Structure formats: C-alpha cells, structure tokens
Amino acid sequence: MELPTIPYNSSEYIETDTGNKVSRKSVICGGQNIILAGKTIIQTGCVIRGDLRRAGAGHAVAIAIGRYCLLGQKSVIRPPHKTLKGVFGYFPMKIGDNVMIGENSIVEAASIGSFVQIGKNCIIGRFAIIKDCCRIEDNTIIAPNIIVPSFSVYSGNPGTFSGELPECTQEMYEARSKEFYTKFTPQ
Amino acid sequence: MPVLAATAPFVQYHCPCVPLQKPLPADDAEAPHGDSSDCPDNSSTQDERDEVTDPTPAQAPLDPQSMALLHHTHPLCNLYFCDDCLQVRCGRCVFDEITSYFCPNCLFEVPSASVKAEKNRCARNCFECPTCFHSLSVVEDQALITKAKAAQESSSHDDHGDDSASLSSASSTKAAAKGPIKPYYLQCSFCRWNSREIGWTFEKSTGLAGQTQAFESAQQPAKEFDHLRQHFEALMRANSHANATAAVGPGGVGTGLTLGLGLGSSPHASILSSLRQSFALGKATPGSPRTAVGGGLASPSPSLRSVGSLLSPSKDHTNDPPEPYQALHTVPDDPAIVSQLMTLESSDAVSCSSQRQRQPQTPSYLLAQHLPQRVGLRSKRAKRCRECRHILIKPEQKAQATRFKIKLVAMNFIPTITIVRNPTVYKVGRTHPFVLRFTNPQYRETRITLAVPVAYPNKSATITALAPTFKVGAYNDIWEYDPDASADEDPEDLGRSGPADEGIGDDDFDDWLAQIDTTLDYGYGCGPQLVPKYHPARADVTPDKQRRRYRRWLTRGVYERHANETAVILEATPGQPVDNLIVPLLVTFSYHLEPLTDDEGSESESPAKPSPEPHQLERECSFWVYINLGRVVTDV
C-alpha cells in the first residue's frame, strides 16, 4: 500500500533553506550544537538536546543528523553520557542519512548509521552503536553499549537479534524515507 | 484447509521455483471482458483489447485463499533476479556460500580456518548473559585492586631492610599464598547479573575466552568427554599391543558415540571404518553391558583383519574383553530434578526454555548453574542461482562493509507494483475500482501487459484491467531530483481521441464517476480528493482539466503517469465475502534492447526475441503477482 499524503499545518513547521522541516512545537536545546544536513523532518513534540555537549569552552557538535531523516512525534534525541576517570561528560551523537525514528522513541546512541529504521516506543541505550541498514522493531529496548551489526533486525527487551534484512535494504529504506519526505506536504 | 487470517493489503510476487497448480482445462482459461491475457510465449500484442490468448496451462495460479500462498510468494525485496535465466529467484532457489564469518558484537572478522576450532563462537572478549542474552561487559573491581596495591605496599614496607633476594622470595610466597588477584569480572549492564555469582573472575581484562577455558573444562560434560577419550586411548594402546587381534566389542552404540564426539585421530578413523564395514555387512554383534553414559565400546582394531573378527566374534577371542566404561558423572534422573525443584522457594531460580536452549553444555533447570556463553558468529553469504550457478549476490569480505560486489535483486529488474488507491471495504456484487502503480527500474521504456486468469481455485472476484497494456517510462537518475517535472497529462493520450472514446456517452461517464466518488474511499482522512500524487493542492486544476482527467481514467485506464511510474485502474467485482480478497495477476513486461550500446553487449546475447525491426531486440519476461485488496463484506 502506498503511503498517503501526510498534510501538515504550514504555520507549525519551519522549512529551512536546505529543506529541513522543523516543528515549532518541538523542543530544541542548544541549536548551535546541532547539525541537520538537510531534508530532515522534526515532528511535533520532539526533544533534541543539543545543549548536552562535551564540557569546555568553544563550539562543539553535540548532535549531527544526516539527510532525509525523520524524527517521529515525541521522540527524544539525547547525547549519551558517562563518567570517564571520575569526570562526568556528554559525548557527541551521530545519525546517518535516511534514518527514520518512530514515535515516542528515546535515542541515546553513540552512533546510528545510514538506512536505519527505528520503530515506535523504542529505547536505544547509551553508547549503543547501530550500523547501516538495520531495523529496530517497535517497543524494543536496546541496552547500553550494544552493537547492532548491519542487515539485522533487533527486537524484544533487551533487544536481541531476531532476523536478517535482505540485500536491497539500502534502496528500500532510502526510497521509503524519500517518499515520506515527498508526501509530507503543507496543507 | 487453513485460511489466511485477515492481513493488510499486500503485493506478493510468485517465485517459479514452486510449481504452480495443475493445468486447467484450456477453455476455462479465457480472459474476461475482452481483456488481453498475454502469455510470455506470444509476441506482445499491439492492440490493447482485441487479442485474447490463453495463459499457458503450466502457469495457472495458486489457490489465493490457502495458507500455502504465503510460502510460495514473497515480497519483492526478498527476491533475486538471475539475468542469465531471466527468472525471479527466491531464497529457496539459491545456493548460499559463506564469504566470511564475523562476531556480531565486536565485528571482528574470524578467519574460516579457526571458526571450527572456536566452535563457531567469538574467541575474544564477547560473552552473552545467561539470563537476558545481552552482551556482557568486563568490569574491574576497583576496591580489590586498591586493596591489593595497599597489601603489596605494606608487604614491601615490612620487608624493607632485608636483602633483595629475601624480599623477592617473601613477596612471591605471599602472592602464592593469596593466589593471583583477579579483579576483573563480567557484568550485564541490562539485568545486573555478574560473573562473580558463579565464581568467574579474571586476572586480565583481555582474552577472556582463553581464560574461561579453565572454567569450561571444569564442567562435567567436558570432564566426561576427556575421561571417555582417555578410556578409548587406553583401549587403543592395549589393542595395538595385542597387534590387531582385537577383542570384540559391541560397537553399535560406540560408533554413535565416537562419531558424535568427533574423535578424529587416525586410529579412531580406522576403528570407525572397520565398524562401518561391519555395519555395511549387517553383522554387527548385539550390545554388551551398557554404561552410565549409555555407550558400549567400540572395537579398537586398526587393521582390516578386525573386520573379520567382527564378523566372527566367537573365534578370535584371544584377549580378555575390555573393561566397561565407568562414567564420571551421571545426569540426575527426573525424580532427583523434581525433588530439587520442589525445594525451591521462588520460581525466579528456574530457567526458562529459551535460557536452557542457549546452554549447550549444561541445560540445567537452575539458573544459577548457567554459564555465560561466548557470542555466536554470524556470516556473510554469497548467493548463486541453482539452475545456472550464476552468482546473484556477492558481499564484500569485510564485516562492516554494507556494499555488494554483485547484487542482482529483483527490485532492480522487474517492475515494482504498489497499491495506490484501494477501497477500505469491498462489497459483494459491486464493481470497485482500485489503482496499481508500476514503477520501472530499467533504463529503458517498458511495455507492461496485465493478464487476469478466468478460472482458478477459490476465485472470489472478477477483475478487469481497464488498461491491459501500457507503457512505463525509463528510469532516469535525474528525476529523483526533480519531483515536479512530471507530465500528468498522458503524452500518448493527448494527441489522439481513440476509438475507445467514441462508444462512451456522457451518462456512462457520469455513472462511473459517481461510483468512483462513492466507493473510492481513501481511508486516511484526506477525503475523496481525486487529484494525483504530486499535486495534492494544485490550484491550476480547472474543472475542465479535471473532467478530461476523469475521462482519461475511464477510457484509457491510466490513472497517472509520472517519470518511470504509471498507475493504472483495475476494477474488482467480488463474488463472495472473504477476509482477504487476493487476486492473481500475470504481469508481462517487455522492452527493447539496443545491441549497439557498450554496457548491454552481454545482454544482447541472452535469449531474446527478434522484433519486427531487425536491429532491435525485444526481451520479454513475465511473473505472477498476488494482490491482497482487503476485506469483502456482503452489501446490505
């Protein structure tokens, strides 16, 4: 079944020069520490914590998000933290291209590759590394420090390997995220 | 027969590896409503609604209501395409060849030579929690380290003043008395299980798999294995002394044991061969006293003479019969387990079946006896066509690479079919239009022909393709960047008012339009806006233009045409209420090959039909799809 057009209230969203569509009803902290590569949709109720960055003066990128990403409603993107040699600190998070994060998911991963789909109500633990071409099923809890290798499906609590993705995952997910961006149009 | 539970609409592609149903009688397989049903053997029809040909009998479709359908059909993304056989290939009709092994946790590539020795598990630092299967992390006990340091310092203070030799000896004796400090242990960051519960602590934080070998070898099954091995080796020694005048053992169970335990040294191999020969002759002697492990003893006779002795066991009894094997460890019988479990106060200590499954050595009912397991390896696999051995998938060797050296997936060869417009509910006896979109992945314009079978098992609807033959534009990378460059107007239709237009009066048109407006329910709250894809709110759609579009829908059956996509209208008239209205459709696509282009040189050699023009080659392929349109209810 083809995705229907997803109309949005044009007064709610800000469209940037690079094609990002950011909801005014989302909470974006420390915007100067967040990089959006373009054509990324940030939906209503998202929280992006760019203010949680590595201690120290100067400019530091806390969250880098690639092209054609979707941050679903009420999802939370928060850089991971840990205490290293007695010093508490936050670490930067990197999200690749064509990543779709479902509603109500909380992401504290260290890095998420490209062509990744994260379902609804997921929790991606601290310093988890999700490689390219992966799917995290709905309601999955990826424990901290987990590495999700390419072409795998993870599900459950704690998230464990539950299946392999086909070889054309990259094209499939790329098409899906682009289709979503195309269909996400103002009313 | 089990019937498919109600599912969301889908388009599934049939893989020809599973033979389709028995041939139908030829007169049954006639297309309805004058639709062209073009089979791949025929040349593609030029006229759209004239020619009616029977589908080849071998291609009669499956029963769409049976559960078997889901086993015979696949979503497009799971299929491959062999461009040598020009056939779709599914996971069942390809060979898998392992390209490389890697650990999913540390992503370290394991050389295939050491995979077997490491029992298909990671030989580095990767363990999984016996309780929740999360991967364990190495944690150091800081308190233990500081305590050990303090103790060391104090000891060096005490020994201060002695000569160096006595100092070293004193400290070494102290260390020996206390044993080496093992401050490292494994901890699960998810369920807080830690390996100190089972007494696993380590001196170093690296190479834990090597360090755990001590624990693993201390396990009963490992000990039993070694004991068994010793026993057999002793037997063999005795046997070689007796110089092959072998004592005859029962053999039967012993072979199974030996085989199962994989004792691969050459004397064992000779025993095995002799036993195998004895079995082949059907003269294996019946079993003798059985031991606790349930095994008899293999006859250790390294020469071929022993075969003779096996065949006539009563004659060659020169030696004493070997001692029966005494097991070190016996598996507790069921009453013992039951009584053990009955003393438990809470069920938390009992393992569940999935936990026991992950304990190959000691699948104990008590969770406390479970050990962390090394993480199992995963593999990257190349795939080959079973018919022609043509390689379809070849991944990169490296564990982290996601690229493929060769990737022949069906998605890049055959048209992708998606359901665009579909009524939420179908009603019996009414004609509902639905829209299918065909996306062409080829760099050439493709002609698609749809054929609807007339008769098939459990037929629940009559399908009419308003556009049985249509063209889909060539795929072009540029279109991806220019979504508005679409030609909504059909270039084929603009110039001509075909004969199809003439037979239709305005009344017919209005009837059809009224029907479409009432039945084409989009189901996602957008209302019945009949404006195509990329122009949901286009102001320049005048009523006249819109009317022309409706007319085109009705007369041409082409809903929308855009870049390499064409959406066509079909009509379904369900005959009975069903949960899933699944309809088979034979899709034939053909395109012209240009033999002169450089990169297509190889393709022009493959089987292709010569078209009327001698310099152009036409290639034609066909496949079955099964489209689930959704629920059918009785119209009340």
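Among contacts in chain B between residues at least 6 apart in sequence, what percentage join residues at least 24 apart? In this predicted model, the share is 74%, where two residues are in contact if their C-beta atoms, placed from the backbone, lie within 7 Å. Residues are numbered from 1 along each chain as its sequence is written, and chains are lettered from A, with ligands numbered from 1, in the order in which they are written. Because the model is predicted, local features need pLDDT of at least 70 and side-chain atom pairs count only at pLDDT 80 or more, whereas totals for chains, interfaces and linings use all residues.

Chain B contains 15 helices and 25 strands; these are DSSP runs numbered from the N terminus, helices being H or I of at least four residues and strands E of at least two. Of the 636 residues in chain B, 30% are buried. A residue is termed buried if 20 or more other C-beta atoms lie within 10 Å of its own, exposed if 12 or fewer, and partly exposed in between, with C-beta atoms placed from the backbone.

Val88(B) lies in strand β4 (residues 87–89) of chain B and counts as buried because it has 23 C-beta neighbours inside 10 Å. Beyond its neighbours within four places in sequence, the contacts of Val88(B) include Tyr13(B), Cys15(B), Leu79(B), Ala410(B) and Phe623(B). The C-alpha atoms of Val88(B) and Ala563(B), 475 residues apart along the chain, are separated by 25 Å.

Helix α6 (residues 220–241) of chain B comprises 22 residues and spans 31 Å from its first C-alpha to its last, close to the expected 32 Å, a value given by 1.5 Å times one less than the number of residues. Leu228(B), Phe232(B), Leu235(B) and Asn239(B) are the buried residues of α6(B). They line one face of the helix, because they fall within an arc of 55° when α6(B) is seen down its axis; the arc is that of the directions from the helix axis to the C-beta atoms. Asp226(B), Gln230(B), Arg237(B) and His241(B) are exposed on the other side of α6(B).

Strand β19 (residues 129–130) of chain A is joined to β22(A) by two bridges, and Ile129(A) has Ile147(A) as its bridge partner. Elsewhere in chain A, strand β23 (residues 152–155) pairs with β24(A) in the antiparallel sense over four bridges, with Ser155(A) opposite Thr160(A). Four residues separate the strands of this hairpin, in which Gly156(A) takes a positive phi near 100°.

Between the chains, 25 residues of chain A are in contact with 32 residues of chain B. Strand β24 (160–164) and helix α1 (169–183) of chain A each supply at least two residues to the side of chain A that touches chain B, and α1(A) gives the most, with four.

Conventions:
Two strands pair if DSSP finds at least two bridges between them.
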